[in-house]
Amino acid sequence: RTLANAGQWYYMSSPVIGEVYDNNWANVNSVASGQNLNRGVSLYDNTELDTDTDGTGTADTATDYWRYLQSDNSNSGTFNVGQGYGIYLTASTTVSFMGTGINTATQNFAITQNDSNFNLVGNPFTAFLNLGDFFADNPETTVLESTDAYFWNGSGYDTRNLANGSAFEIAPGQGFFVEAAANTNLTFDIGDVMHQSTETFQKSAPKPEINLFVTDGSTNKYANIYYIDGTTTGYDNGYDGKLFGGVEHSFALFSHLVTDSEGKNFQ
């Protein structure tokens, strides 16, 4: 997977079986080094915030819900099928996943409700996975808290649901966030994949819409508004997408429902 921009995070998943991430994998793939022993490969652990686990008053090897690969390989491992990972590079390069095979059957990945209910997951296939079909396989209230998926675009999170993402194809190697409705399994259905002639990795799905933008001079934030037949001014399942709640936003743009608003922020 070619990553064009160094110095930013990408959310990725392994499309092959058995690839190991360790300090050697990080070196081969131009993964950045950070403070202490941290390398730019990270997992999202929603069990608890972790900024001072040893009680010293200083930051440890993890920040908030993120857990970073350590250069001494003390927490190296194998990329889990269906799990997403943060990757941060020192140079524009092609990140390689070379395993023992590819997934040719439906895959499940356990998602959990903990201190945070958000889970970083990813397409486990070497083909594109349709987002609308993914929502159908993982219903709201029983698997997902809402029919929303959150894709990192390099500077913020894009909320995709049935209104703006039912035709969107999740690229091979693409990681994204979902919010769990329960401790259950997320389904990646092999019957929903296909090959595409165009690329969608970290890209927007084209659709007529109204875009509202605001900037602080260096970062742009947006909210999208759609007029779709059959929807209402209240909450419409699969069409009203909440602002990503897995992180704190110091700068954001959002709207509230016109009818029966509960103060929730929608992107």
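Ala, Val, Leu, Ile, Met, Phe, Trp, Tyr, Cys and Pro count as nonpolar here, Asp, Glu, Lys and Arg as charged, and the others, Gly among them, as polar. By that scheme, the lining of the second largest pocket divides into 8 nonpolar, 6 polar and 2 charged residues.

This is a predicted model: local features need pLDDT of at least 70, side-chain atom pairs count only at pLDDT 80 or more, and totals for chains, interfaces and linings use all residues. Residues are numbered from 1 along each chain as its sequence is written, and side-chain values use heavy atoms, with hydrogens and water left out.

**Pockets**

- A pocket is an open set of points on a 1 Å grid over the protein atoms alone, where a 1.4 Å probe fits, with protein on both sides within 12 Å along at least five of seven lines; lining residues have an atom within 4 Å of a point.
- The largest pocket holds about 590 Å³ of space, a volume being the space filled by probe spheres set on the points, which are joined across faces, edges and corners.
- Its lining has 25 residues, and Asn224, Ile225, Tyr226, Asp240 and Ser255 lie nearest the centre.
- By class, that lining of the largest pocket has 11 nonpolar, 12 polar and 2 charged residues.
- In the largest pocket, α3 (162-165) and β22 (220-225) each supply at least two lining residues; helices (H or I, at least four residues) and strands (E, at least two) are DSSP runs, numbered from the N terminus.
- β22 gives the largest share of this lining, 4 residues.
- About 300 Å³ of space lies in the second largest pocket.
- The second largest pocket is lined by 16 residues, with Trp152, Ser155, Tyr157, Val247 and Glu248 nearest its centre.
- β2 (9-12) and β7 (66-70) are the elements that give two or more residues to the lining of the second largest pocket.

**Aromatic pairs**

- The whole structure has 30 aromatic pairs (Phe, Tyr and Trp rings, the six-membered one for Trp, with centres within 6.5 Å; planes under 30 degrees apart are stacked, over 60 edge-to-face, the rest tilted).
- Tyr11 and Phe177 are edge-to-face, because their ring centres lie 5.7 Å apart with planes at 80°.
- Tyr11 is in strand β2 and Phe177 in strand β18 (residues 175-179), so the pair ties together parts 166 residues apart in sequence.
- Tyr11 is buried at 6% relative accessible area (buried means under 20%, exposed over 50%, partly exposed in between, with a 1.4 Å probe and protein chains only).
- Phe177 is also buried, at 0%.
- One aromatic cluster includes Tyr11, Phe177, Trp152 and Tyr157.

**Charge over rings**

- Arg160 lies over the face of Phe168, 4.2 Å from the ring centre (NZ of Lys or CZ of Arg within 6 Å of the ring centre and within 35 degrees of the ring normal).
- Arg160 also lies over the face of Phe151, at 5.5 Å from the ring centre.
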